[in-house]
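Subject: Structure handover

Hello,

Please find the structure below. My notes on it follow.

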Amino acid sequence: MLLESIKMSYENIVRNKLRSFLTMLGIVIGVASIIALITIVQGATNSISDQVTELGANKITVNVMGTPLKQGLNQEDMLNISEEENIKGVSPTISGKTGIIYEGKLMENVTVQGKNDVYFNMDTSLLKTGRPINILDLNSKNQVVIIGSDIIKELYYGVDPIGKDLVINGTSYTVIGTLNPSSGFSMGSNNESVIIPYTTAMRSLGVKDISSLDVFLEDTALADDTVTDLKGVLNPAFNYKDNAYTIFNMGDMIESFESMMSMMSLLLAGIAAISLVVGGIGIMNMMLVSITERTMEIGLRKALGATPKRIQLQFVIESIFLSLVGGLIGLVLGGLIAYTAAALIGIGFSLSIATILLAVGFSGLVGIVFGYMPARKASQLNPIDALRSL
Amino acid sequence: MAEVLNMQNISKSYYMGEEELEVLSKVNLTVNSGEFLSLLGPSGSGKSTMMNIIGCLDMPTSGKYLLSGNDIEDLDETELAFIRNKEIGFVFQSFQLLPRLSALQNVELPLIYAGVSSAERKERSLNMLDRVGLVDKTKNLPTQLSGGQQQRVAIARALVTEPTILLADEPTGALDQKTGAQVMELFEELNHDGRTIIMITHDIGIARHAKRVVNILDGHLSEQEVQ
């Protein structure tokens with residue numbers, strides 16, 4: 001019975017090709033825009049969160065404001081932190097600004113950063129040439145330096161800087177490595193920095209405390225637990241004073257960014273869904289016209305023994321058929337639009353099963369909702385009036 | 001002989017605004033299996049209303065109507081649809097074939113609603129088209145058939161479910177005299193084979209083909225003796 005109804009619906013739709021196509025167009029546009037918008041936003045979200053992840057999703061940063069009694073962290077605090085679970089390594093940052101000199105050429109206001117071996121181990125792409133800072137440098141407070149790409153351009157143009165000397169804040173250092181240029185986008189740009197062992201930095205810059213610490217995680221999924229553990233170490237260290245430090249979890253930021261983006265894609269899809277509703281009204285309109293045209297046919301079918309339910313089923317199926325076919329065309333069209341857009345903007349393209357189901361489900365639902373009323377009207381036609389209408 | 005149709009005190013009224021218009025007035029009619037009956041009356045006599053009530057397309061205002069023993073009053077829309085499918089074969093003045101379906105598909109229609117499988121449907125429809133002499137026109141659309149042929153397709157469609165009553169409304173009204181006579185010949189043959197036929201007409205010449213003629217005038221029935 002269902003099969004017969006589907007066959008009849010198909011024949012009726014094919015009979016009025018142009019009209020069926022125009023009716024479907026509303027659904028096609030609605031579904032295509034939903035698919036395209038969701039897919040493009042999803043692709044953009046993935047691309048951006050990938051970039052942010054590269055910045056360090058596996059990293060928690062502790063910034064210390066300190067208390068009057070204890071202005072920063074010392075080596076012992078660092079050691080305590082690094083002994084907590086789920087921690088791969090701890091890297092302090094000590095930074096200051098000073099002038100640097102090579103062969104009489106002066107660069108002012110250069111950022112000097114004190115780092116340790118962990119910093120280089122965690123991201124091997126940092127170093128371009130030479131060697132990283134090692135434990136020996138840290139223990140002996142060696143006067144060695146690794147320089148950023150802008151420093152090379154400025155002071156060592158046309159020279160291999162490795163092994164050359166550099167005067168920082170009046171003391172002479174040996175260049176042991178150079179850094180890869182980092183993208184201007186990232187907030188941790190090292191292009192205009194020089195990096196020295198943090199122990200050396202504490203001595204030469206006269207810094208007693210560490211004010212910033214990067215904690216690298218084994219498992220980012222456990223970041224929240226690790227944050228709790230860190231508080232367990234830091235709170236007693238600062239004597240439970242408020243606002244002594246802040247903990248910045250990169251994973252949190254990515255999470256909130258992603259939830260923001262999914263809100264946005266939901267919003268866009270909602271707007272696109274309005275066009276689906278308009279498409280649905282188009283279908284309803286066509287169904288009503290079709291029923292008026294086929295009044296005699298409906299009357300005859302009833303006289304021949306079609307039950308009201310049967311008539312209703314046939315028209316609902318016709319409506320679902322129209323909107324589903326429209327939905328499938330829209331799916332392909334929307335996919336193509338998203339694919340082209342992704343290629344042009346340079347973001348990833350991934351059409352998820354959920355998106356496809358959403359589109360197909362939505363268009364089917366439109367068919368049922370907007371087909372129901374006309375189909376019901378058809379099923380309630382009085383066969384006598386219907387037959388007389390000829 | 002078995003009684004297939006029994007009408008007792010059937011009345012039907014319509015309201016034209018405030019005014020009540022009685023189209024059928026306490027009509028009594030009994031039809032036995034195998035009868036060929038004509039309801040003869042001029043237009044406005046109430047014969048179309050009789051046809052609608054006999055065909056279960058309309059309900060009487062009062063009175064009792066038994067069709068094959070079923071009390072029509074007790075039935076809902078869905079049950080009425082089943083009764084129409086099983087008990088009644090309609091033949092209309094203007095044939096009422098679906099223009100986009102072939103002769104065979106038109107004949108198959110009532111069997112679809114009877115839930116008959118597609119293979120059996122085809123076989124039974126072909127047999128019936130053979131019976132009305134159109135076995136070589138099964139693939140033709142109605143527009144490719146003459147009026148007489150179209151009415152034969154309609155008769156095949158009416159008979160394919162093996163209904164209790166063949167109910168014909170002016171079956172020759174849209175046909176010329178010669179074709180009309182052929183259709184009446186077919187009716188006589190079918191009745192000879194045992195088919196119960198009720199035919200509604202205004203044409204006394206056509207009505208005479210039936211074994212029994214009942215006059216209808218202003219909503220009242222009167223039996224007429226046939227010579």
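Which strands of chain B does helix α1 (residues 47-54) lie across, and at what angle does α1(B) run to β1(B)? The helix lies across β1 (3-16), β2 and β4 of chain B, and its direction is at about 125° to that of β1(B). Note that this is a predicted model.

The sheet in chain B

Four strands of chain B make up an open sheet, in the order β2-β1-β4-β5, with antiparallel pairing. Its edges are β2 (19-32) and β5 (70-71) of chain B, each of which pairs on one side only. Between β4 (residues 62-67) and β5 of chain B there are two bridges, again in the antiparallel sense. Within that pairing, Leu67(B) has Asn70(B), in β5(B), as its bridge partner.

Thr30 in chain B

Thr30(B) belongs to strand β2 of chain B. Is Thr30(B) buried, partly exposed or exposed? Its relative accessible area is 33%, so Thr30(B) counts as partly exposed, because that class covers values between the 20% limit for buried and the 50% limit for exposed. Leaving out residues up to four places away in sequence, Thr30(B) touches Glu3(B), Leu5(B), Asn6(B), Glu35(B) and Arg212(B). Leu66(B) is 36 residues from Thr30(B) along the chain, and their C-alpha atoms are 9.5 Å apart.

The surface of chain A

In chain A, a nonpolar surface patch is formed by Leu18(A), Phe21(A), Leu22(A), Leu25(A) and Ile29(A). Together these residues have about 490 Å² of accessible area. One of them, Ile29(A), is located in helix α2 (residues 17-56) of chain A.

Regards

Key. Residues are numbered from 1 along each chain as its sequence is written. Chains are lettered from A and ligands numbered from 1 in the order in which they are written. This is a predicted model: local features need pLDDT of at least 70, side-chain atom pairs count only at pLDDT 80 or more; totals for chains, interfaces and linings use all residues. Side-chain values use heavy atoms; hydrogens and water are left out. Patches are made of residues with over 30% relative accessible area and no salt bridge: like charges are joined within 9 Å, nonpolar side chains (Val, Leu, Ile, Met, Phe, Trp, Tyr) within 5 Å. Accessible areas come from the Shrake-Rupley method with a 1.4 Å probe; for residues, only the protein chains shown count as cover. A salt bridge is a side-chain nitrogen of Lys or Arg within 4 Å of a carboxyl oxygen of Asp or Glu. Two strands pair if DSSP finds at least two bridges between them. Contact means heavy atoms within 4.5 Å. Axes are lines fitted to C-alpha atoms, for helices over the stretch in contact, and angles run from 0 to 180 degrees between N-to-C directions. Buried means under 20% relative accessible area, exposed over 50%, partly exposed in between (1.4 Å probe, protein chains only).
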